[in-house]
Amino acid sequence: MQAVRKCAQCATRPAGGLLHTRTDVLLLRTNMAALRRGAACLSFLRSSASVLINKRKPTVQRLGGWTDVVRTSIASLSVGSGLCAIPFTQHVENLSHDCLIKRAASLVTDSASTYLSQTTLALIDALTDYAKAVHTLIGLQRRYLASLGKLTPAEEDSIWQVIIGQRSDVSDRLELCKRFESTWTNALNLCEMAAEAAYTSGADQASITVRTHINLAQTQVSEVQKISKDAEKKLAEAKVEEIERMAEYAGLQVDHELPEAYLRED
């Protein structure tokens, strides 16, 4: 009965106000469901009553049992109808334009942060591998200079093949670092724009979070770049040392050959 009264109240509202809000729609659906459940319970009671009436020889014990069943059903119907008639108000999300814009800005900052994290990791790995390759090349060159004049031509050619291969590896890794650094720079710019968009739309927390990620990425990349720069500096020093040693070795070879030349001229 309460559900019927609720529906009657909804029906008596002025035109255009019946489904004015989502809350009204939810209340209408809840009351209609209550009416359907109540009708089902009444149908069950009618069928039970028909069974009792059609029984030819009911005993007092059976009548007592069916009476208990009917009472229990009526009590269940009363409780169920009362619960069903209670309008449950559901929380309706705020779907205003401002709220949707904030959510979209937060999603953009999350995606931009993920992009920045991936490019940062790729650049750090590339710079680390590049620095290792440079140190390996420096070690090979110094070993060659230390054994200069002590190797056979075949051994010297073999060492030079290894050095040339390592130089090619260093060059390839340097190109990879430049490519990842360009992608990382684009990711930084994208995060800056996402942070600005989030701040403008009112998503302050999302803007602060993405700016924190930017600072962290810049710090991490800066540390690894310093290591690679130190490796390049040591490689340049090794090249200067190589030139000096090769010139010195060439001068010694000339000094050893000069007496024979003078002897031939005499």
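Along the sequence, the chain runs α-α-α-α-α-α. That gives 6 helices and 0 strands, where helices (H or I, at least four residues) and strands (E, at least two) are DSSP runs numbered from the N terminus. The model is predicted, so local features need pLDDT of at least 70 and side-chain atom pairs count only at pLDDT 80 or more, while totals for chains, interfaces and linings use all residues. Residues are numbered from 1 along each chain as its sequence is written, and side-chain values use heavy atoms, without hydrogens and water.

**Whole chain**
- Of the 266 residues, 25% are buried (under 20% relative accessible area, 1.4 Å probe, protein chains only).
- The accessible surface (Shrake-Rupley method, 1.4 Å probe) is about 18300 Å², and carbon and sulfur atoms hold 59% of that.
- Among contacts (heavy atoms within 4.5 Å) with a separation of 6 or more, 80% join residues 24 or more positions apart.

**Helices α4 and α5**
- Helix α4 (residues 97-146) packs against helix α5 (residues 153-201) at about 160°, with axes 7 Å apart; axes are lines fitted to C-alpha atoms over the stretch in contact, and angles run from 0 to 180 degrees between N-to-C directions.
- α4 and α5 are therefore roughly antiparallel (angles over 145 degrees).
- Their contact involves 33 nonpolar, 9 polar and 7 charged residues; Ala, Val, Leu, Ile, Met, Phe, Trp, Tyr, Cys and Pro count as nonpolar, Asp, Glu, Lys and Arg as charged, and the others, Gly among them, as polar.

**Leu100**
- Leu100 lies in helix α4.
- Leu100 counts as partly exposed because its relative accessibility is 40%, between the 20% limit for buried and the 50% limit for exposed.
- Leu100 and Ser201 are 101 residues apart along the chain, with 9.9 Å between their C-alpha atoms.

Notes
Angles under 35 degrees count as roughly parallel, over 145 as roughly antiparallel, 65 to 115 as roughly perpendicular and the rest as oblique.
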